[in-house]
Amino acid sequence: MTEKKHIGIFGGVFNPPHIGHLAVAECARDFLNLNTVYWVPSGNPPHKRISDQVSKEMRLKLVNAVVEGNSSFRIFADEMERGGITYSIETARKIKKLNPDSEIYFLLGTDAYISLPTWQSIDELMRLVHFVVYPRGRESAPNLKSSHAIFLDAHNVDLSSSDIRDKLSILCSVRYLVPEAVLQIIEDEALYTSELNSGMRKHIDAVERASVYLAELWGIPPWAARLAAKYHDAYKSFSAVECVKILERRGEIPDDFERKSAPLLHGKVAAERIEMIAQRRGYDDSIWSDIANAVRYHTTGREGMSELEKLLMVADRFGKDWNELSEIPVNPKVAIRFVLKRKMEILKQKGVVPLPAAISACREHGVEIQ
Ligand SMILES: [Fe+2]
Ligand SMILES: [Fe+2]
């Protein structure tokens with residue numbers, strides 16, 4: 001009698017696939033002695049909304065690049081080709097049909113495992129496959145019953161595809177976080193950075209340079225200034241509605257006034273993002289809240305701004321009011337007064353009433369409100 005084959009099903013959005021996915025797939029292959037691990041890019045799963053920033057074809061190309069690097073990995077693109085909501089049971093049936101005499105192992109994260117009772121045709125799925133649970137996220141999953149599952153001794157890589165997309169959206173390197181072949185495609189196709197047009201890229205680059213320059217002059221840690229500059233306009237291309245949605249998802253409810261004001265909201269969304277990163281990393285350092293506040297108030301300023309808050313406001317004007325770094329006033333008080341004055345002039349030209357935070361900042365720095 002020939003030994004039964006062992007087949008793994010590894011579903012995911014893979015937008016993009018990263019080293020965390022590879023570590024899980026390889027661990028399962030090794031631990032369960034799998035002959036094949038089918039990577040199944042999700043089509044339209046019932047439990048998750050897929051960001052449409054990247055096309056299905058492109059996700060397929062990214063997953064293909066991953067599986068090509070391992071002879072035990074294969075792609076199963078059926079869910080992508082199916083229309084409507086795609087259920088795992090259909091995928092399991094098809095893979096079982098392709099491999100009738102095999103044991104099928106269905107990989108899923110702790111979060112998905114908890115939601116299993118709500119899955120379509122769960123009883124049939126339980127008869128067809130063995131569930132293999134891998135750790136996901138920092139929290140340990142409560143009340144996991146082991147009677148129907150194998151718990152994989154995989155490393156919990158604290159990395160998600162949205163982390164990768166966020167890093168790329170602020171033009172940070174993701175090298176070593178994704179396989180080299182995936183990185184190649186991301187770079188060649190400029191994936192996940194398309195929200196930023198070339199004008200915005202130039203602006204962020206200029207603000208970054210000015211921030212680091214001023215940080216050295218004003219005795220502020222340059223890494224903090226650079227981080228603030230990188231993030232400050234990361235959400236500038238988002239509409240007010242999109243910004244509000246993001247904030248609401250994070251449990252932050254903007255007031256009526258903020259809801260209508262995209263120029264204010266883009267800083268707030270980016271600041272929230274920075275605070276979330278600090279929290280996840282366990283950075284309880286006041287400099288991280290300073291960075292977040294610099295980003296939050298970079299458009300209006302406020303009363304009692306920190307040096308970093310002033311720095312970002314001043315650096316944000318580089319390329320508009322000064323073309324050479326040496327043209328920026330060296331004295332922080334002079335520089336911030338100049339910027340606030342310019343902002344008031346611009347608002348006056350546009351016939352826009354300054355916001356209360358901007359008025360307080362102007363009063364503090366002796367700038368006349370026009
Ligand atoms: Fe901005
Ligand atoms: Fe800006």
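**Helix packing and strand pairing**

The crossing of α9 and α10 is right-handed (the near helix is turned clockwise from the far one by less than a right angle; anticlockwise gives a left-handed crossing). Helices here are DSSP runs of H or I with at least four residues, strands are E runs of at least two, and both are numbered from the N terminus. The model is predicted, with local features requiring pLDDT of at least 70 and side-chain atom pairs pLDDT 80 or more, whereas totals for chains, interfaces and linings use all residues. Residues are numbered from 1 along each chain as its sequence is written, while chains are lettered from A and ligands numbered from 1 in written order.

Helix α9 spans residues 198-218 and helix α10 residues 222-232; they pack at about 160 degrees with axes 8 Å apart (axes are lines fitted to C-alpha atoms, for helices over the stretch in contact; angles run from 0 to 180 degrees between N-to-C directions). Among the residues that meet are Ile 204, Val 207 and Leu 214 in α9 and Ala 225, Ala 229 and His 232 in α10 (contact: C-beta atoms, placed from the backbone, within 7 Å).

Strand β5 (residues 130-134) runs parallel to strand β4 (residues 102-109), joined by five bridges (pairing requires at least two DSSP bridges). Opposite His 130 of β5 stands Tyr 105. β5 also pairs in the parallel sense with strand β6 (residues 149-151), over three bridges, and Val 132 has Ile 150 in β6 as its bridge partner.

Helices α15 (residues 307-316) and α16 (residues 332-350) cross at roughly 50 degrees, their axes coming within 9 Å. This crossing of α15 and α16 is left-handed. Glu 307, Lys 310, Met 313 and Val 314 of α15 make the contact with Pro 332, Ala 335, Ile 336 and Val 339 of α16.

Technical notes. Two residues are in contact if their C-beta atoms, placed from the backbone, lie within 7 Å.
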